[in-house]
Amino acid sequence: MESNVILRLVLMAAAVLFLSLPETARAEPAVFSSRSGVAIGGYDAVAFFEHGAAEHGRRSHAVMWKGVVWRFASARNQARFEANPRAYAPAFGGYCAYAMSMGLLHEGNPQLWAIVDGELFLLNNRRVYVLWQADTANLITAGRSHWPAVLQK
C-alpha cells in the first residue's frame, strides 16, 4: 500500500515538473504529413536538394524522425538527413504550401515542389503550383502566419 502512495507522489511530481517546463522544452508534436506513417509519400527529402529531382526512397534506407518514417534513395542521402534533418524536411510539415497560405491542411504532392531560399515546399496540384509561382513570397509569408497553429484546428 505504501509503495502505491510513493508511486503516485513520484508521478505527480513528474507531471508538475513537465508542465512547468517552457513549451519549447517539451516534446514537439508530430507535425509531418504522412501516408501510412511515411513522410512525403516515401520520396527522398535530400534528393530534392542534391539532385533537383523527386526520387523514391527505399525501405532499406529509412530513419524515424518526428514520428514518421523518412526514406532515402541511398545510404549517403540518409546520412545527410540524419546529420541535419531540419535542412531537408519540407516546410509546413510537407502539407501543401499554397493551402497553408489560406490556413488549410491539404496533402503535399512530392511531384509538385519548389525550393525557395533553401527550403523545400510541396504543392497539391498543378493549378495551385501555377498560383504559387505567381506570388511565392507573399504565399510563404501567409503560410508562416498559420503554421503550426493550423494543426490545432
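Where is proline 148 found?

A: Proline 148 is found in the segment after α7. The model is predicted, so local features need pLDDT of at least 70 and side-chain atom pairs count only at pLDDT 80 or more, whereas totals for chains, interfaces and linings use all residues. Residues are numbered from 1 along each chain as its sequence is written, and side-chain values use heavy atoms, with hydrogens and water left out.

The peptide bond that joins tryptophan 147 and proline 148 is cis, with omega about -5°.

Helices (DSSP runs of H or I, at least four residues) and strands (runs of E, at least two) are numbered from the N terminus. The protein chain has 7 helices and 6 strands, and along the sequence they follow the pattern α-β-β-α-β-β-α-α-α-β-β-α-α.

Next, the helix that precedes this segment. Axes are lines fitted to C-alpha atoms, for helices over the stretch in contact, and angles run from 0 to 180 degrees between N-to-C directions. Helix α7 (residues 136-146) packs against helix α6 (residues 126-134) at an angle of about 105°, and their axes are 5 Å apart. That angle makes α6 roughly perpendicular to α7 (the class for 65 to 115 degrees; under 35 is roughly parallel, over 145 roughly antiparallel, and the rest oblique). Leu131, Trp132, Gln133 and Ala134 of α6 make the contact with Thr136, Leu139 and Ile140 of α7, where contact means heavy atoms within 4.5 Å. The residues of this contact divide into 5 nonpolar, 2 polar and no charged (nonpolar: Ala, Val, Leu, Ile, Met, Phe, Trp, Tyr, Cys and Pro; charged: Asp, Glu, Lys and Arg; polar: the others, Gly among them).

Arginine 144 also lies in helix α7. Its relative accessibility is 41%, so arginine 144 counts as partly exposed (buried is under 20% relative accessible area, exposed over 50%, partly exposed in between, with a 1.4 Å probe and protein chains only). Leaving aside residues up to four places away in sequence, arginine 144 touches Phe92, Glu119 and Phe121. With the side chain of glutamate 119, the arginine 144 side chain makes a polar contact at 2.4 Å; such a contact is a pair of N or O atoms within 3.5 Å, and within protein one must be able to donate a hydrogen and the other to accept it, while residues adjacent in sequence count only if both atoms are side-chain atoms. Serine 101 is 43 residues from arginine 144 in sequence, and the two are 7.4 Å apart in space, C-alpha to C-alpha.

Phenylalanine 92, one of the residues touched by arginine 144, sits in the loop between α4 (85-88) and α5 (97-101). At 4% relative accessibility, phenylalanine 92 counts as buried. Its phi is near 55°, a positive value in a residue other than glycine. Isoleucine 40 has a positive phi too, near 40°; this residue lies in the loop between β2 (38-39) and α2 (45-50), and its 6% relative accessibility means that isoleucine 40 counts as buried.

For the protein chain as a whole, buried residues make up 38% of the 153 residues. Among contacts between residues at least 6 apart in sequence, 55% join residues at least 24 apart.
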